[in-house]
Amino acid sequence: MPSSLVEALRSRVEHHPQRDALIFIGPSDTVETITYGQFDMDARRYAGLLQANEVQPGDLVIVAFEHSYKLVAAFWGALYAGAVPTIFPYRDATGSGEARQRRLVALAAFTDAHPGTSGEPRVAPP
């Protein structure tokens with residue numbers, strides 16, 4: 001029996017890499033099917049990007065993508081990296097890219113810093 005969600009997903013990847021893991025229905029009813037193997041590879045890629053940006057286990061990671069497969073893969077990438085992901089609304093009617101980044105930094109500033117870090121929020125490019 002897996003002891004975590006990440007362990008459960010990795011078990012599925014190991015035993016059924018070609019099985020469908022996710023099915024997304026997009027604009028104009030387009031369908032995107034993702035296998036466990038593809039999902040694992042993409043989540044690992046996001047985990048690597050987070051680790052390359054010095055995200056440590058236990059750090060809060062704000063995931064801010066449009067509702068799409070990328071959002072799910074990035075969320076699981078944060079889990080793979082041992083971080084704590086939270087989803088931030090991607091867009092609102094009034095915000096520019098700069099305003100969105102300021103809101104993200106402000107939100108990060110109100111979170112507890114991981115022990116051993118400077119406490120300064122880091123914003124990775126999209």
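Author: Happy to. Helices here are DSSP runs of H or I with at least four residues, and strands are runs of E with at least two. Counted that way, the chain of this predicted model has four helices and four strands, arranged along the sequence as α-β-β-α-β-α-β-α. Of its 126 residues, 28% are buried.

Let us look closely at helix 1, which covers residues 5–15. Its buried residues are Val6, Leu9 and Val13. Viewed down the helix axis, these buried residues lie within an arc of 65°, so they line one face of helix 1. Glu14 and His15, on the other side of the helix, are exposed.

What do the buried residues of helix 1 pack against? Their partners are helix 2 (36–52) and helix 3 (69–80).

The axes of helix 1 and helix 2 come within 8 Å and cross at roughly 130°. An angle over 145 degrees would count as roughly antiparallel, and 65 to 115 as roughly perpendicular, so helix 1 is oblique to helix 2. Their crossing is left-handed. Helix 1 brings Leu9, Arg10, Arg12 and Val13 to the contact, while helix 2 brings Tyr36, Phe39, Asp40 and Arg44. Sorted by type, the residues of this contact are four nonpolar and four charged, with no polar ones.

Notes. Residues numbered from 1 in each chain as written. Predicted model: local features only at pLDDT ≥ 70, side-chain atom pairs only at ≥ 80, totals over all residues. Heavy atoms only, no water. Buried < 20%, exposed > 50% of the residue type's maximum accessible area, 1.4 Å probe, protein only. Arc of directions from axis to C-beta. Contact = heavy atoms within 4.5 Å. Axes fitted to C-alpha atoms, helices over the stretch in contact; angles between N-to-C directions. Parallel < 35°, antiparallel > 145°, perpendicular 65-115°, else oblique. Left-handed = near helix turned anticlockwise from the far one by under 90°. Nonpolar A, V, L, I, M, F, W, Y, C, P; charged D, E, K, R; others polar.
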